[in-house]
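Hi,

Here is the structure I promised to pass on. Have a look, and then read on for what turned up.

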Amino acid sequence: MARELSGPSAGGSDTPEFDTISITRYDPGRGQVELTRGFPHEGSLWNPDVHPVPISGRNWGAITYFLIWVSMAFIVPSWTLASIGLIYGLTPLQSILTVFAGNAIVLVPMLIQSHGGARYGIAEPQLTRTRWGTYGAIFPSWVRAVIGAGWWGIESYIITEAATAIYAISTGKASSIAYTVAHFSDYPFVLAKDFPSIFWATFAAVIGAQILAFYLSPIVKSQPALRWLARVGGPIVMAAFFTLWVYFMSAANWSVNLSALASTGHFTWLGLLVFLNANIAFWATMALTMPDYTRFARSQRSHAYGQAAMPFLMLVVAALSVMTTSAAYKLYGEAIWDPVVLASLHMARPLAYFVLLSIILATFLVNAFANAVGPAYDIANTFPKYMSWFKGSLALIAIGIGIGAWSYYGNAYSYIQNWLLTYGGLLGSIEGVIIFDYAIIRRFKFDLADVFRSDGMFRYWHGINPAAVITFVVVALLIYAPLPYHALLFDGSWLLSFTVSGLIYLPLMKYWVIPKYQPQLSGGLLKGYLSPTTTVIFSRSANSMA
């Protein structure tokens, strides 16, 4: 069957009639669904960029997803993450293990969300319509977009930091960095403080380079430039971080005392909870975003096998970071957690260049994959008739500059409390609605065509699912309102909001929203809810659809 995206041209009807079963193609061998025509008459819900990727165009394998996570895990914020545990009273080993635990927890909703992208070939904003409504999905998508824009700003700042460090080394001005480090504890701000004009001019150039990369990665061609960068950059970045580790560990004769990195705080179980939730929140944006990439997956196994390595990659980075910092403390009497500063001050020039250039590449990649692709989808999804994915990425950059989230990054408490935990509570609630709906209510099956129909089953109440809105508002009040035990509720932000969201959302859907707004669904919470159309689609073979 030929794939037709333009829709019927005869008759001049603005709302052509069609049979959703006839335009929906299910391949049981791959477990994937596609649509054989577009919805140009639905200007507020459809454009070619958001149309499901045809099954024949889904060609990303496990290696691609693994290398994406290599390029995202081996970054400066991951390297410094374990150090924050010490501030909350954890030992270095406890910090490393907590990093692993937090990332293992967030992997579960990430894989469930990824399943939807791989099965239906759609990005997160369109997938979210099934849970929040065709128009209600705009709200959680914008929450994610703003958070992604904030991370984009932080990562762009780090790219600039590494580039400015190369300038300082090349011009023999590294001594200025050493002096500032000795008198200024917030390492991420050292380069901006020492070389302000060079730093901010470089920041502008970094933005321009990212715009070029986005322009060269059109959605309709499965983003070839970004895919190529991930395949090339992942191994280089991993080699650079191991180079950093080997260099300082060998200088310390491979003997370090981790306990020398003494905790600066007093251990409490609440502190452990804070650090655990911060680690979950660290990749909580990707727990939403992954359909933007898994829509190109060759199969469910492809993305699942590639992503399963993520917690172990974060574990490796945390271990390398702690050991390298311990070696630096033994050698120089300073626990320098920032790898940019450490390489600039204490590595031989050729190796320092290699490490810093690799950090630039790694941060550039994570900024594209984690902070730009998904949020740009979110922004474009608001105005699909007028805005392509690339235009959405330009809007994202403007928002990121306006937020200036890099100002949180220099101080550990501000980074945890004002950034990670604050947005973690919001994302936990959004992800709770999304995961409980897809896994429990839908049982991973729904009518794909209705995602792009203003009169379909995901219209709910005027395009908004009231159960999702009520759940989000109640959980937000629970997390952020000045209630008794507010500190405990806030410090458990993601875990609490995710769990409570399910407890609120499921009964609202069962006893109110489904009977009132989706009466065509039949079933229950134990077996899921399916429409007659969905049942027919998933019972048909690929051959019968040819």
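First, the ring rule: two rings of Phe, Tyr or Trp (for Trp, its six-membered ring) pair if their centres lie within 6.5 Å, and planes under 30 degrees apart count as stacked, over 60 as edge-to-face and the rest as tilted. By that rule the count is 37 aromatic pairs. One of them is W200 with F203: the ring centres are 5.4 Å apart and the planes sit at 75°, so this pair is edge-to-face. Both residues belong to helix α9, three residues apart, or about one turn of the helix (helices here are DSSP runs of H or I with at least four residues, numbered from the N terminus). W200 is partly exposed at 37% relative accessible area, while F203 is buried at 6%. (Buried means under 20% relative accessible area, exposed over 50%, and partly exposed in between, with a 1.4 Å probe and protein chains only.)

Before I go on, a caveat: this is a predicted model, so to speak of a local feature takes pLDDT of at least 70, side-chain atom pairs count only at pLDDT 80 or more, and totals for chains, interfaces and linings use all residues. Residues are numbered from 1 along each chain as its sequence is written, and side-chain values use heavy atoms, with hydrogens and water left out.

Now the core. The largest nonpolar core has 167 residues; such a core is a set of buried Ala, Val, Leu, Ile, Met, Phe, Trp, Tyr and Cys residues joined through side-chain atoms within 4.5 Å. W69, F74, M110, W151, W283, W419 and L420 have the most contacts inside it. Which residues does W419 contact, leaving aside its neighbours within four places in sequence? They are I147, G150, W151, I154, A405, Y408 and S414, where contact means heavy atoms within 4.5 Å. W419 also belongs to a cluster linked by ring pairs, together with W69, W151, F282, W283, Y415 and Y423.

R443 has a positive phi of about 55° although it is not a glycine, and H462, another residue other than glycine, has a positive phi near 55°. R443 is found in the loop between α21 (412–441) and α22 (466–480), and H462 is placed in the loop between α21 and α22 too. With 25% relative accessibility, R443 counts as partly exposed.

Cheers

Definitions and conventions: Helices (H or I, at least four residues) and strands (E, at least two) are DSSP runs, numbered from the N terminus.
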